[in-house]
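Dear colleague,

I am handing over the structure that follows, together with notes on what was found in it. Please read the notes with the model open beside them.

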Amino acid sequence: MVLVFLETSRLLLRQFTLADVDNLFELHSDPDVMRFLNGGKPTPRDEIEAEVLPRLLGDYVCHGGLGVWAAIERSTGGFLGGFALEPAEGTRRHFEVGWRLRKSAWGKGYGTEGARALIHKAFTDLGAQRVFAETMAVNTASRRVMEKSGLVFVRRFHLTWDDPIDGTEHGEVEYALDRAGWEASRTKATVSFRALRRSDLVALSGWLADPEVHRWWPDPNGLEDLESKYGSCIDGTSATEVSVIEVDAEAAGIIQRYRTADYPDWSEVIERAAPSLVGVTSAGIDYLIGRGEFRNRGIGTRAIAAFTKQLFVEWSDVEAVVVTVQQDNRPSWRALERSGYERIWAGSLASDHPSDAGPAYVLLRRR
Ligand SMILES: CC(C)(COP(=O)(O)OP(=O)(O)OC[C@H]1O[C@@H](n2cnc3c(N)ncnc32)[C@H](O)[C@@H]1OP(=O)(O)O)[C@@H](O)C(=O)NCCC(=O)NCCS
């Protein structure tokens, strides 16, 4: 079985195997990919077979399971290139990250998405004190990935090469983040919204499969199920409007809104629980943060607060937003309370939807 190292919304990083000769050969044959690695020279196929691939496989053993990972596009299964996460020589708590993507994968944010996930993994699962990356000073695209993934410029330095390539005279650069900087950056992220697109459904499927989401949002997550549930929202013909929550421009979850009156059965459920809502023009919201690395960082709270504010501006007739939450789902009702919602009712809802099972709260935020 091939070992999967991590998954992001759009990427899967797995170990390389002996079956990756063609993938690596193609990657190493593109002069634009190799430009900043060896001046653009393609690597012969027998060198991939006899040296490059065996070295990658050997590194997993030497580096305690770390090394270079094959990046696979989750929506197509296609090979995109490689990402590296390796302990720096002579240290156990300093890790180097790197990437090399085929040209067809450039310009889509994959570099930043993979780099961020590796940095997160290093600081959480691996107990890193410092994560760094190096490249040639003239490699602007790679430097942008470093900056966008939160690494900070540290130094420019010069190395002596036997066979220097174009641009070596400008030196190499190092970008890094230490643990304190990483902790601080977790509270600074920018949270924004955009409409759900059909191309988000693959990521949404992965988010719904996350046990922490599935527990509270137990919907089927097959692509056909998602098309039938969200297709009309995407096309603008549903009464529910679904937005993607972006964190520093990266998709992290969804948040949706609807007018309660458009769902008479639901309206009845909440009015039965809280009769004070009868006659109030209300809306409802639902939300999920799909990836563990974005949860428990205050992002849910900020998303709910900003989305509610926006809802009141855009739906000027709505007097209150009403949300029902299972009592066991503390992160959810705490995020609501911290966004200005108050608990108005506790009990069991007269609903047979699995996400309403067990004791629930009704929380309300008035305009
Ligand atoms: C519910 C959810 C959106 C909250 O967003 P979040 O960004 O994780 O939450 P926040 O970081 O803003 O924290 C909100 C509160 O939950 C607490 N919390 C969050 N994650 C926690 C965890 N794993 N363990 C314990 N407490 C946690 C926080 O400490 C905070 O409470 P506090 O004010 O008492 O300190 C998110 O956790 C999520 O998507 N969960 C899965 C799907 C879901 O439950 N959707 C809602 C269905 S009603």
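Among contacts in the protein chain between residues at least 6 apart in sequence, what percentage join residues at least 24 apart? The share is 63%, where two residues are in contact if their C-beta atoms, placed from the backbone, lie within 7 Å.

Two points of convention come before the rest. The model is predicted, so local features need a pLDDT of at least 70 and side-chain atom pairs count only at pLDDT 80 or more, while totals for chains, interfaces and linings use all residues. Residues are numbered from 1 along each chain as its sequence is written.

**Overall layout**

The protein chain has 12 helices and 15 strands, taken as DSSP runs numbered from the N terminus (H or I of at least four residues for helices, E of at least two for strands). Its C-alpha trace spans about 80 × 40 × 35 Å along the principal axes. The domain assignment, which is automatic or from a database, gives domain 1 (4-185) and domain 2 (191-366), and the C-alpha centres of domain 1 and domain 2 lie 37 Å apart. The contact between them takes eight residues from domain 1 and six residues from domain 2. On the side of domain 1 that touches domain 2, helix 4 (residues 110-124) gives the most, with three residues; by class, that side has no nonpolar, three polar and five charged residues. In this classification Ala, Val, Leu, Ile, Met, Phe, Trp, Tyr, Cys and Pro count as nonpolar, Asp, Glu, Lys and Arg as charged, and the others, Gly among them, as polar.

Not counting residues up to four places away in sequence, Leu363 touches Val323, Val325, Trp333, Leu336, Tyr341, Glu342, Arg343 and Ile344.

**Helix 12 and the ligand**

Helix 12 (330-338) has Ser332, Trp333, Ala335 and Leu336 as its buried residues. Seen down the helix axis, they fall within an arc of 155° and so line one face of helix 12, the arc being that of the directions from the axis to the C-beta atoms. These buried residues pack against helix 11, strand 13 (320-326) and strand 15 (359-366).

Helix 12 also gives the largest share of the shell around the ligand, six residues. Of the 23 residues in that shell, Asn296, Gly300, Thr301, Pro331 and Arg334 come nearest, a residue being near if its C-beta atom, placed from the backbone, lies within 6 Å of the molecule. By class, the shell has 10 nonpolar, seven polar and six charged residues.

**Backbone points to check**

Asn296 has a positive phi near 60° although it is not a glycine, and it is found in the loop between strand 12 and helix 11. Asp248, likewise not a glycine, has a positive phi of about 50° and sits in the loop between strand 10 (241-247) and strand 11 (250-259).

With kind regards

How values were computed
A residue is buried if 20 or more other C-beta atoms lie within 10 Å of its own, exposed if 12 or fewer, and partly exposed in between; C-beta atoms are placed from the backbone.
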